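Open the structure in your viewer and keep the selection tool at hand. The stops below are meant to be taken in order.

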Amino acid sequence: MKKQSNLSRLLQAAGNHKYLLYASWALSAASAFIALAPFYCIWKVIQEALKAAPDFSRAQNLTHYGWMAVLFAVISVLVYIAGLMCSHKGAFRVATNLRLGTMKHIVKLPMGFAERFGSGKLRKIVNESSAATETYLAHQLPDRANAIATPCGLLILLLAFDWRLGLLSLVPVALGFLIMMAMTGERMQEKMKEYQNALDDMSNEAVEYVRGIPVVKTFGQTIFSFKKFKDSIDRYKVWVTAYTKELRAPMMFYTAAINGVFATLIAGGLLFTQNGVATGFLLDLIFYIIITPVISVTLTRIMFQSENAMIVNDALQRIDAVLNLKPLAEAKRPKHPSGACVELQNVRFSYDGKKEVLKGISLTIPEGQTAAFVGPSGGGKTTLANLISRFFDPQGGAVKIGGVDVKDISKEELMNTVSFVFQNSRLIKASILENVRMGKPDATREEILAALHNAQCGDILEKLPQGVDTVIGAKGVYLSGGEQQRIAIARVMLKNAPIVILDEATAFADPDNETRVQAAFSRLAKGKTVIMIAHRLSTVVGVDQVYVVADGRIAESGAGRELLEKGGVFSRMWDNYQTCVQWKVAKEVQ
């Protein structure tokens with residue numbers, strides 16, 4: 001099957017607006033032809049002046065041809081503007097459709113996709129890659145039509161008056177064109193991809209760095225604490241410097257070639273006038289010297305259009321990298337879970353298909369019990385929770401809820417069965433009421449207020465000017481991390497799912513907020529199956545079952561107090577934790 005060209009794909013995304021794009025190309029080409037008419041008027045002015053010299057009062061039509069040149073220039077600009085209006089309207093439609101199409105596909109992808117892809121990189125693809133197509137369609141393609149029409153018209157003008165001077169002026173143009181082709185070939189396409197990759201890496205690492213600024217400021221660290229971010233900047237600097245040096249010589253020769261046309265004409269003029277200068281030849285030489293700068297401008301425009309075509313090609317490839325990802329398979333005949341027990345059977349999982357993050361984990365969490373996953377960072381705790389929520393599918397084994405494999409549960413029912421409180425819950429720019437209502441779109445105002453009360457959010461509503469109707473993020477209204485967590489808990493309470501997963505949900509809470517969050521958790525956990533991921537071991541001692549996850553395996557399991565008495569892995573973790581919480585910052589005495 002023949003691969004669809006980038007332009008065909010963009011026109012398809014334009015829908016009926018593609019006719020506006022066609023019109024923009026036609027108008028832009030017409031503008032280019034009209035723009036050459038003033039040069040003919042200038043030639044007539046020079047002709048009149050040379051005929052009347054030295055008594056220029058005998059030149060009767062100078063004013064007429066001058067105003068004609070102005071008129072054609074104005075008409076050319078107006079036609080070009082009309083073309084741009086058409087192209088922008090079509091280009092905005094294409095960019096909108098690409099963004100909508102990409103976002104609709106992202107919504108269908110598993111929840112863990114954004115984490116693996118990188119939020120900064122994903123945002124750059126959705127926003128900047130689609131914006132690159134807008135620039136290409138709104139400006140570059142009309143300019144390409146203009147740039148193609150201009151040489152055609154110029155070729156007629158150059159050969160019409162004096163074919164010798166016309167051919168002579170094309171020599172440096174041909175040289176410049178060959179140099180340009182060398183700079184914009186397949187190798188340049190690969191370089192453009194490397195450039196965009198470097199930008200993506202910086203964007204992705206910058207997002208992670210900004211999120212970690214509170215840690216940097218708290219512990220007085222520097223940017224060097226975020227080695228990946230600094231390394232991405234260094235790689236970008238090295239790449240750009242090397243690439244700039246590589247193009248320095250070709251760009252210098254290209255610039256000299258396209259801007260040296262008039263020098264070639266003067267040399268040719270001296271050669272052709274060894275036996276004397278004819279008035280007609282002088283007229284043509286002056287005209288050619290005036291018109292040749294248009295050639296350099298046109299060639300430069302073509303060069304930058306080639307670069308932008310490569311940018312668009314790279315942008316569409318990046319959009320395709322998202323669109324080519326397949327959603328998780330949906331069961332043709334969904335089954336309904338009977339209860340809220342959670343069971344993992346010999347589960348294996350790898351993010352990259354090489355290194356296993358989970359290595360054959362089996363466990364059972366009975367309905368209505370609270371279980372905690374603890375252990376060192378990178379051990380696989382969050383991955384376990386992600387598999388239970390079906391953010392990903394395991395490569396081996398099975399994850400079951402209520403005796404049914406999560407793959408056989410419909411997406412809607414699974415989302416209604418499992419609620420997730422993330423480590424850093426995000427609220428949208430909307431009222432608190434609307435943020436909580438996301439958990440249950442048909443909830444009444446009374447139900448939302450009850451959920452907020454149960455989530456210990458009364459003090460938040462009291463201090464805000466419009467209470468529950470206050471828009472978060474507007475007019476300087478912002479909430480702390482702990483307050484945002486309580487709003488998120490209210491949303492989960494309103495949803496009232498039988499299984500709740502808490503991923504380090506008190507990580508960003510101060511002591512006062514943590515107390516309120518823990519009280520909200522107590523209400524939330526009543527009658528539900530709760531899975532906690534925690535580093536603060538004090539929060540998990542009283543749970544029904546503790547699973548110590550290390551190196552992708554269950555190193556130890558049992559009730560918290562039983563594990564403390566056992567003197568194993570959890571006991572050692574508890575001793576280390578108690579030592580850490582007793583640390584204090586001492587003030588130096590002068």
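How many bridges join strand β7 to strand β8, and do these strands run parallel or antiparallel? Select residues 499-503 for β7 and residues 529-533 for β8: five bridges join the two strands, which run parallel. Strands here are DSSP E runs of at least two residues, and helices are H or I runs of at least four, both numbered from the N terminus. Two strands count as paired if DSSP finds at least two bridges between them. Within this pair, Asp 503 has Ile 533 in β8 as its bridge partner.

Before going on, note that this is a predicted model, in which local features need pLDDT of at least 70 and side-chain atom pairs count only at pLDDT 80 or more, while totals for chains, interfaces and linings use all residues. Residues are numbered from 1 along each chain as its sequence is written, and side-chain values use heavy atoms, with hydrogens and water left out.

**The sheet**

Now show the whole open sheet of six strands, in the order β6-β7-β8-β3-β9-β10, with mixed pairing. At its edges stand β6 and β10 (553-558); each has a single partner strand, so one side of each is left without a neighbour in the sheet. Neighbouring strands are turned by 20° against each other on average, direction ignored.

**The largest core**

Next, select Ile 432, Leu 452, Ile 487, Ile 489 and Val 540, which touch the most other members of the largest nonpolar core, a set of 45 residues. A nonpolar core is a set of buried Ala, Val, Leu, Ile, Met, Phe, Trp, Tyr and Cys residues joined through side-chain atoms within 4.5 Å. Buried means under 20% relative accessible area, exposed over 50%, and partly exposed in between (1.4 Å probe, protein chains only).

Centre on Ile 432. Leaving out residues up to four places away in sequence, its contacts include Leu 452, Ile 460, Val 468 and Ile 487; contact means heavy atoms within 4.5 Å. Step back to Ser 431, in the loop between β6 (418-421) and α15 (432-437). Ser 431 counts as buried because its relative accessibility is 11%.

**Salt bridges**

The structure holds ten salt bridges, each a side-chain nitrogen of Lys or Arg within 4 Å of a carboxyl oxygen of Asp or Glu. Asp 459 is in helix α17 (residues 458-463), 27 residues apart from Arg 486. Is Arg 486 buried or exposed? Arg 486 is buried, with a relative accessible area of 1%, whereas Asp 459 counts as partly exposed at 25% relative accessibility.

Select Lys 463 and Glu 483 next: their closest N and O atoms are 2.5 Å apart. Lys 463 lies in α17 and Glu 483 in α18, so this pair ties together parts that are 20 residues apart in sequence.

For the last stop, go to the salt bridge of Asp 320 with Arg 9. Asp 320 is in helix α12 (residues 293-323) and Arg 9 in helix α1 (residues 6-14), 311 residues apart. Just after α1, Gly 15 takes a positive phi of about 65°.

Key:
Axes fitted to C-alpha atoms, helices over the stretch in contact; angles between N-to-C directions.
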